[in-house]
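Follow along residue by residue if you can.

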Amino acid sequence: MPDAPCRLHIRHAADAAAVRRVLDETLPAYADVFPADRDAAILVKPNLNANMNALTGNTTDLRLLVALLGHLHDAGYRRVLVGEGTNSGFYRNKIGVIERLRVDRTAARFGYTAVDLNYAPGVAIAFENGVTAAIAQPVMDAALVINLPKLKTHFEAGMSVCLKNLMGCLVGQENKKKTHQSLAANIVNINLAVRPALAIVDALIAMEGLGPTRGTPIRLDTLVFGDNPFAIDLACARLAGFPEAKVRPLAEARRRGLIPPALDAFLDTLSLPLLAGRPLVPPLAGRLATFIHSPKRQKYFLAVRNTAFFTWLAGTDWFGKLLFAAGLRQDVFCRDEMRLTGLTLDRAACDDCGACRRFCPAGLDPAAVAKSGDRTGCLECLYCFLVCPRSALVFHGEQGFLAEQLRQYDGLVRQLDGGDGEGGEKKEECLRRPGG
């Protein structure tokens, strides 16, 4: 067989320990993309779209982030930055998504730093129609960019995987607004400017339905590794049973000739089964949102949305609630912080099913931590509290913004654990490249 145009691995991981093991087993196949200099700058770009944590299917799983940062730390890399330019609405409301998701604590665990790229200095890149936009300087300066997208449906782009995730490399709300002037084309433009050398798609818990924030979490226990974002997104569309033509950035990339016949032929040689055993539910928005966000009409909506008056209006609580109720806004921008004073264990409710251990990014036994009260090493991400099917871990403190996540997702997240044991065997692996 002739040399393949890219590398692609699809691996199964059912718990935090398996995620680390899979990374340690798989990343040597990509050794050539890692800098030889252990002081070279590496930027890790997760998907931190909102303050809804990974168990909702919305953001990059801390189990993956902990495993990757641990791998880099053990390999001796000293200058690793976790960077993301969070959703414009959270940026506008001065809400620290990185802190709320405990990504800052995760990075600090390994001596690394997490930053909001919205506030970084920018480097101009070309967008459509003569427009320029600013990419965060740390992204452009990195010797290696590792993309950690979430596999999820997206009501504007169709699906959000590698290509869409790089919108978070833009600086501030003004530059993100520019993307929407020609959404699919500008997403492709960002990818051509940044060119991450490695991507690891988080499909541990994906999202289907009305993503990226109002869909349904679905547990797939899968990680997808690769070095070509177009190939990875094509593969993920097949794995999700999602029509490629409805993934707008992919359709644009194909129109530009960025997906050569050799890439299609390569993917045709692989076994790419439906990860859920069926196609993921598509992102069907309400009639009003579908009408407004149609590519034919969106420029008129943007002309209104980008006015100073509408920006002010959208920042008010009452109008924000109206937009959310109408389906024109996916997020709730709650300014109330969560304050956790501790978790206790309801011994009568706990049946030692192990769900909390399987989902703990820090590799702890949360039930034992709750019994002892010693939270040394705990990230306070609350994965254990959220996933426990019997609600045996009891939250103490002020829920703040977490109350909205519980309102939307509490029942769904508590159904995620299948009790399938610890470890998780490899479900499927695809690798095509001599010497890879």
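1. Start with helix α9 (residues 183-194) and α11, which pack at an angle of about 70° with their axes 8 Å apart. Axes here are lines fitted to C-alpha atoms, for helices over the stretch in contact, and angles run from 0 to 180 degrees between N-to-C directions. The two helices, α9 and α11, are therefore roughly perpendicular to each other (angles under 35 degrees count as roughly parallel, over 145 as roughly antiparallel, 65 to 115 as roughly perpendicular and the rest as oblique). From α9, the residues L183, A184, A185, I187 and V188 meet R248, P249, E252 and A253 of α11, where contact means heavy atoms within 4.5 Å.

2. Some ground rules. This is a predicted model, in which local features need pLDDT of at least 70 and side-chain atom pairs count only at pLDDT 80 or more, while totals for chains, interfaces and linings use all residues. Residues are numbered from 1 along each chain as its sequence is written, and side-chain values use heavy atoms, with hydrogens and water left out.

3. Now the overall picture. The chain has 20 helices and 13 strands; helices (H or I, at least four residues) and strands (E, at least two) are DSSP runs, numbered from the N terminus. Of the 436 residues in the chain, 59% are buried (buried means under 20% relative accessible area, exposed over 50%, partly exposed in between, with a 1.4 Å probe and protein chains only). The accessible surface of the chain comes to about 17,300 Å², and carbon and sulfur atoms account for 53% of that. Those areas come from the Shrake-Rupley method with a 1.4 Å probe; for residues, only the protein chains shown count as cover. Among contacts between residues at least 6 apart in sequence, 78% join residues at least 24 apart.

4. Next, have a look at helix α12 (residues 261-268), where L263, D264, F266 and L267 are buried. Seen down the axis of α12, these buried residues fall within an arc of 160°, so they line one face of the helix; the arc is that of the directions from the helix axis to the C-beta atoms. P261 and D268, on the other side of α12, are exposed. What covers the buried residues of α12? The cover includes β1 (8-12), α10 (229-240) and α11 (248-255).

5. On to the cysteines. How many disulfides are there? The count comes to zero, a disulfide being a pair of cysteine sulfur atoms within 2.5 Å. Take C350: its closest cysteine sulfur is in C356, 6.7 Å away and too far for a bond. C350 is partly exposed, with a relative accessible area of 32%. For C360, the closest cysteine sulfur is in C381, at 6.1 Å, again too far for a bond. C360 counts as buried, at 9% relative accessibility.

6. Another cysteine, C384, is found in helix α19 (residues 383-387) and is buried, with a relative accessible area of 12%. C384 and G354 are 30 residues apart in sequence, and their C-alpha atoms are 9.8 Å apart in space. Leaving aside residues up to four places away in sequence, C384 touches L343, C356, P366 and L393.

7. A41 is found in strand β2 (residues 41-46). Is A41 buried or exposed? At 18% relative accessibility, A41 counts as buried. Not counting residues up to four places away in sequence, A41 touches R79, A142, A143 and L144.

8. A cis peptide bond joins G211 and P212, with omega about 15°, and P212 is found in the loop between β10 (198-208) and β11 (216-226). Two residues other than glycine have positive phi values: N129, near 60°, and D221, near 50°. N129 lies in the loop between β5 (122-126) and β6 (132-136) and is exposed, with a relative accessible area of 71%. D221 sits in strand β11 and counts as buried, at 7% relative accessibility.
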